[in-house]
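Q: I would like to learn how to read a protein model one feature at a time. Where do we begin?

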Amino acid sequence: MALTSDELLIGGRATHVVDIPPGVLHPSGNGGSVDDGLPTQVVLRPLLLADVQRIHQAAQESRTLTSVLMVQQALVEPALTLEEVNTLHAGLVEFLLQEVNRISGLTLGGSELEEAVQAPLARACFVLAREFGWTPDECARLTVGQVLLYLELLGRGMGSWSASSR
């Protein structure tokens, strides 16, 4: 049985509580411990296709800015400005970026990500819209991981929407 569009799109609306290890939060060991009652968690959301496209456009010349924008866009709690994310220590930003990539279904390196979000992304949205009857807005709400998964399924001819099963 084929998934509904709501079932496919739900992943982009999820949030994830992420525990920050004390050694990442306070790498020098001088900032508290888990037992002192200070929060050690953040809430992240996966990046949607529209987020990745916007981040790519905004940070075309700076890989560092790409990372900071990705973390800033994904942070739900606490919500931070771009300037605030820029003041976090590099190890914490790297950890948060890894978590953002994980929950967004992104396992690509920086240069691979840039290549993946250019023209092929527009073609991917066109194919998904045609195959699933989605609007551009619905496609934009998908995470990059979801887009890649659905394209792979279509490429393998899997699912009731494929040409072989129509």
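Predicted model: local features only at pLDDT ≥ 70, side-chain atom pairs only at ≥ 80, totals over all residues.

Q: What holds the strands of a sheet together, in general, and in what order do the strands lie here?
A: Strands of a sheet pair through backbone hydrogen bonds, either parallel or antiparallel. Here three strands form an open sheet, ordered E1-E2-E3, with antiparallel pairing. The edges are strand E1 (16-19) and strand E3 (75-77), each of which pairs on one side only. On average, neighbouring strands of this sheet are turned by 45° against each other, direction ignored.

Q: How many bridges join E1 and E2, and how many join E2 and E3?
A: E1 and E2 pair over four bridges, in the antiparallel sense. Strand E2 (residues 41-44) pairs with E3 over two bridges, also antiparallel. Val43, for example, stands opposite Glu77 in E3.

Q: What share of the residues in the protein chain is buried?
A: Buried residues make up 36% of the 166 residues. The accessible surface of the chain comes to about 9,600 Å², and 55% of that surface belongs to carbon and sulfur atoms.

Q: Let us turn to a helix. Which strands does helix H6 lie across?
A: Helix H6 (residues 90-104) lies across E1 and E2, and it runs at about 40° to E2. To read the helix itself, compare its reach with the expected span. H6 has 15 residues and reaches 21 Å from its first C-alpha to its last, close to the 21 Å expected at 1.5 Å a residue. Its buried residues include Leu92, Val93, Phe95, Leu96 and Leu97. Glu99 and Asn101 are also among the buried residues of H6.

Q: How does helix H10 compare with its expected span?
A: H10 (residues 144-155) has twelve residues and reaches 16 Å from first C-alpha to last, close to the 16 Å expected at 1.5 Å a residue. Val144, Gly145, Gln146, Val147, Tyr150 and Leu154 are buried in H10.

Q: What should I look for in the backbone, and where is a cis peptide bond found?
A: Most residues other than glycine have a negative phi, and most peptide bonds are trans. In this model the peptide bond from Glu77 to Pro78 is cis, with omega near -5°. Pro78 is placed in the loop between E3 and H5. As for phi, H6 is followed by Gly105, whose phi is positive, near 75°. Just after H10, Gly157 takes a positive phi of about 70°.

Q: Why does Asp51 count as buried?
A: Asp51 counts as buried because its relative accessibility is 4%, and buried means under 20%. Asp51 is found in helix H3 (residues 49-58).

Q: Which side chains make polar contacts with the side chain of Asp51?
A: One is the side chain of Arg45, at 2.7 Å. Another is the side chain of Arg54, at 2.6 Å. Leaving out residues up to four places away in sequence, Asp51 touches Arg45, Pro46 and Gln73.

Q: Which residues does Gln72 touch, not counting residues up to four places away in sequence?
A: Gln72 touches Leu80, Thr81, Leu82 and Val85 on that count. Gln72 is found in helix H4 (residues 63-74) and is buried, with a relative accessible area of 18%. Gln72 and Glu83 are eleven residues apart in sequence, and 9.4 Å apart in space, C-alpha to C-alpha.

Technical notes: Residues numbered from 1 in each chain as written. Heavy atoms only, no water. Expected span 1.5 Å × (residues − 1). Buried < 20%, exposed > 50% of the residue type's maximum accessible area, 1.4 Å probe, protein only. Polar contact = N/O pair within 3.5 Å; in protein donor to acceptor, adjacent residues only side chain to side chain. Contact = heavy atoms within 4.5 Å. Areas by Shrake-Rupley, 256 points an atom, 1.4 Å probe, with all protein chains shown as cover. Pairing = 2+ DSSP bridges. Axes fitted to C-alpha atoms, helices over the stretch in contact; angles between N-to-C directions.
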